[in-house]
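Q: I am new to reading protein models and would like to look closely at a single part before stepping back to see what surrounds it. Please take me through it slowly.

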Amino acid sequence: MTIPFNNPDRPNSYIGRTVPRPNATKLVQGRGRYVDDIVLPRMLHVAFSRSPVAHAKIGAIDLDEAKAVKGVVRIFTGADLAEVCTPWVAVLAHLKGLKSPPEHPLAVDRACWVGEPVVAVVANTRAAAEEAASLVVVDYEELPAVTDTMTALDKDTPVIHPELGDNLAFRRLHEEGDVDAAFKTAHKVVSAHFRTARHTGVTLEPRSILVDWNPAEGQMTAYHATQAPHMMQTVFAKHLDIPESRVRVICGDVGGSYGIKVHVYPDEVATAAIAKVMGRPVKFIADRLESFSTDIHARDHEIEAKIAVDVDGKILAIDVDDWTGIGPYSVYPRTSAIEGNQVVNLCGGPYDFANYRAQTTVVFQNKTPTCQYRAVGHPIAVAITEGLVDMAAAAIGMDPVEIRRRNMYADDAYPVTSPAKMKFEGLSHHASMDKLIEMIDYDALRADQAEARKQGKYRGIGIASFIELTNPSPFMYGIGGARISAQDGCTVRMDPDGSVVALSGVTEQGQGTEAMLSQVVAEGVGVKPSNVRVITGDTQVTPYGGGTWASRGAGIGGEAALQAARALRDSILEVAAAMLQAEAGKLDIRDGQIVDLESGEERMPLEELGRIVYFRGDTLPKDLPRELVQTRHFITMDYPFAFTNGVQASYLEVDTDTGVVTLLKHWCVEDCGRVINPQLVDEQIRGGIVQGLGGALYEEIHYDEDGQLLNGSMADYLVPMAAEMPDMVVAHVETPTKESELGAKGAGEAGTAGAPAAVMNAINDALRPLGAQVAAMPFTPERILRALGKIND
Amino acid sequence: MKASAGGYARAESVRHALDLLAGSEGQGRVLAGGQSLVAAMNMRLSVGDLLVDISKISELSGVAVEGDILRIGALTRHAQVGADAQIKTHAPLLTAAVSHIAHAAIRNRGTIGGALAHADPAAEFPACALALGATMHAEGPSGTRGIAADEFFEDVFTTSLSEDEILTSITMPIAEQGEVQILEEVARRSGDYALVGLCLIKRAVGHRIAVFSVGPRPILATNAMAALDQGDVDAAVEALSNEIDPPSDTQASSAYRRHLAGVLLRRAVCRMKGETA
């Protein structure tokens, strides 16, 4: 039996409705349980002495003063931990040529970025550990630092890892069609130099881990703020020489991740190694400065790109040369080549064109390592693509909406393979654009813009179409040899009181995964969502799964939950049929009651069925299956990724005297397939847009030429704040994926993917009458005034 | 990060606070609202301080008009300054400044005396004090003294207060009939420190212009003031550009700040004349 999703009046119709989040009350009342809330007997705290320089040989380490601090229990150097923890090398087989040196939990011999952990101090309190860490004296013999991406491969630039030969981590060239010929004969060619600034995720809860080693059981328990508990289980087991089955990773409440908490961090592995050596629980909670200097950074790209169009605005070719600096190590185990690779995969995404060339060059440098952060590569690819399309439209005097309509894949063109070799199952670019244009009342907005211009106000409208990669298959990581599960599972059981417990391999980071699971299971079984308890984030308890990343929770984890729930429903109905001497096919479960499918007449509450199965099973037929528990796993098979699409619009005003941009309004129409919980999806989109707006206007990690981090605090690193955020209007087109019954694709990254490009295009739309253009993010007041030629140095 | 304080004592009176400072062998730090000091301690930028908490000394708080002088106690919190009717009447520049200072939580704790004594060159209150021609009143072991604003602010986070002195109040002439007080600033986000800020006051005897976030301390732009007294706005902008030497940092370059100072002066003049910029 399939679920008639299109009928909102069907029984148990929780999928598609805004259902209250089961964990919201707990979090709002301050009753959440984050890692730092957990206190274990005999627990110790670790703090790290970190490299103050970007590149240095580590000489003598003097620990005398540090050891004398009251409360200090033990101090570890890189050499100490190298004896108990093997180093890791972050490469993947399918990213051909990717190289990276072995990385240790604490630097051995050489420190390669400001903030790299060098010495670990373990004490009774965090304060004592910090005090002692500040007294550790390391003799750093400074080496030349590589900080500029574009000159990292020059002959006279020092090589950071001489054993690797050069500073090139990875390079990929993709070419389709005859790009050079297309450019040679094109009606118009437009080129631009884009920059996206290095920024970071700034989670509300910093990275946190508490590791306990019980030698009596030979078991390690890590309480960890992570997106991928099973992946971390493998990592700890492998590098600390523990059987995988003897590592348990528990992930309770997490205060935001955004991709930051899906990676292996040296200080966290060091914490686990120390716990194992000392046989005591050890806690590490990053402080805000540590977050800025050691959480992964992202988006540090510089791009030269061009587009060729014919006289009708048809895109003939796109050529992209992308460069990114990733710090001194590729980050384990997902690697730091994925972001550049995504730029190659995603540029030109919405458009039907033939000739495409893209190259990404990924280089080492002496800065904090970069890796996957929300909407990996998307904001960069969308900025390049949508920036070029707008510039081309302006060059041939065409409306930016019209040029997009002439180039986007037709809504009936699917399935289709893009010039980047991405396979699209079904997208809705035109329907989404139509909806957006209606929503923003495009003509009225243009009239308002013209009216404002008469008053000397420079307002701009920016449009950005985009695609988003979600629901990844093993083609993302597994194919490259990483033990990162693309499959996910869910176990659903009914207890004697008729309530349902769901255990899922996807995880809750504060984004509402458990709400989504509760309503999917509620509908699948036929109970109220409030009668479903969801358990996630415990490798010893939940089915094996990948966790939360690449917008997979609803599409993969949700489908596993739906199938498990449907299977449990069948099991319950089989028992009910025996008890009621009815046909299972003529019964249904609604609101926790066994009912007649046709009439809806109530036959028996689930608690009665539970009572009989669990306490008077003797009254049931001997051969009746009575397992009120079912597990299902789900993996996508037909497509490597479930692509989604959407389009955003930004309306803003530029103060051409100060360069300040005021965001007036923002819109997004997106298509994530089946919308399970409208409010949760809308808030995912809004939150994503805000992070995209941060990248467009505010967020930028600054280093000086020696590799010193210049803005490591919330006062200096500007995140978007409520006062500057515009009203955001979100709407949906639904093109469910046929790969699953649920039909859901991901929605977590769409907002972030499109917002920066929409803002860039709006600013340039505002500045165009003045002959100015910006393409380097963030668009600070100063960068805008420089584009206007108003600053004299 | 965890703060590492050398000690803490709550002062019962100004005299008690002065005694505590005198006995601290140079390690004493006055704790009022704590909105800058505690943040610095939490970053371990300030370690080992013996904190002398003056926040419970009630005599240091409050607003009073004494003839043609407005007196504001050093412990008067930003939120109180912003809501005070007498301040709004007699020194509206301060009322305007409060809406630019940080966020509600900080305004509820931070004190005007703390902001002045901290002397952040990007902060609003020091520039306001300079523009208003305020006097800072300090008490030390040998008695009290008044310090004119243009002698009070010396350098980044540095004032002419001695280590054994406490700032007790600030006084300024009440606004005269027809006086105009205007504050303009540009910040990256609401509540951030200004990229550049400017105070403009028009009195019968002439204009006063104080600029902040353009140097190591707030600057009284005397040449620009003179040009404005002549009614020459272009010359005032030119003069202002020449009498500031703004720093460059991750938020803005010196050249941008210099440009912005001129834009803000023009806008302030427009507002002064009742025009829209």
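In what order do the strands of the open sheet of 3 strands in chain B stand, and is their pairing parallel or antiparallel? Please also describe what packs on this sheet and how the rest of chain B is arranged.

A: This is a predicted model, and the open sheet in chain B has 3 strands in the order β1-β3-β2, with parallel pairing. Strands β1 (7-10) and β2 (28-31) of chain B stand at the edges and have a single partner strand each, so one side of each is left without a neighbour in the sheet. From one strand to the next, the twist averages 25°.

To follow one pairing in detail, take β2(B) and strand β3 (residues 50-53) of chain B, which pair in the parallel sense over 4 bridges. Within this pairing, B:R29 stands opposite B:L51, a residue of β3(B). Packed on the sheet is helix α1 (residues 14-22) of chain B, which touches β1, β2 and β3 of chain B, and the direction of this helix makes about 175° with that of β3(B).

The domain assignment divides chain B into domain 1 (7-53), domain 2 (58-173) and domain 3 (180-272). For domain 2 of chain B and domain 3 of chain B, the centres, taken over C-alpha atoms, are separated by 20 Å, and the contact takes 23 residues from domain 2 of chain B and 19 residues from domain 3 of chain B. On the side of domain 2 of chain B that touches domain 3 of chain B, at least two residues each are supplied by α5 (92-98), α8 (124-132) and β8 (153-155) of chain B, and α8(B) gives the most, with 7 residues.

For chain B as a whole, the secondary structure comes to 12 helices and 14 strands. A compact globule of 277 residues would have a radius of gyration near 19 Å, and chain B, with 19 Å, agrees with this. Along the principal axes, the C-alpha atoms of chain B fill a box of roughly 55 × 45 × 30 Å, and buried residues make up 49% of the 277 residues. Among contacts in chain B between residues at least 6 apart in sequence, 58% join residues at least 24 apart.

Finally, chain B also touches chain A, in a contact that takes 15 residues from chain B and 24 residues from chain A. On the side of chain B that touches chain A, the largest share, 5 residues, comes from helix α12 (residues 254-272) of chain B. The residues of this side of chain B divide into 7 nonpolar, 5 polar and 3 charged.

Technical notes. Residues numbered from 1 in each chain as written. Chains lettered and ligands numbered in written order. Predicted model: local features only at pLDDT ≥ 70, side-chain atom pairs only at ≥ 80, totals over all residues. Rg over C-alpha atoms; globule rule 2.2 N^0.38 Å. Buried ≥ 20, exposed ≤ 12 C-beta atoms within 10 Å, placed from the backbone. Contact = placed C-beta atoms within 7 Å. Domains from an automatic or database assignment. Nonpolar A, V, L, I, M, F, W, Y, C, P; charged D, E, K, R; others polar. Pairing = 2+ DSSP bridges. Axes fitted to C-alpha atoms, helices over the stretch in contact; angles between N-to-C directions.
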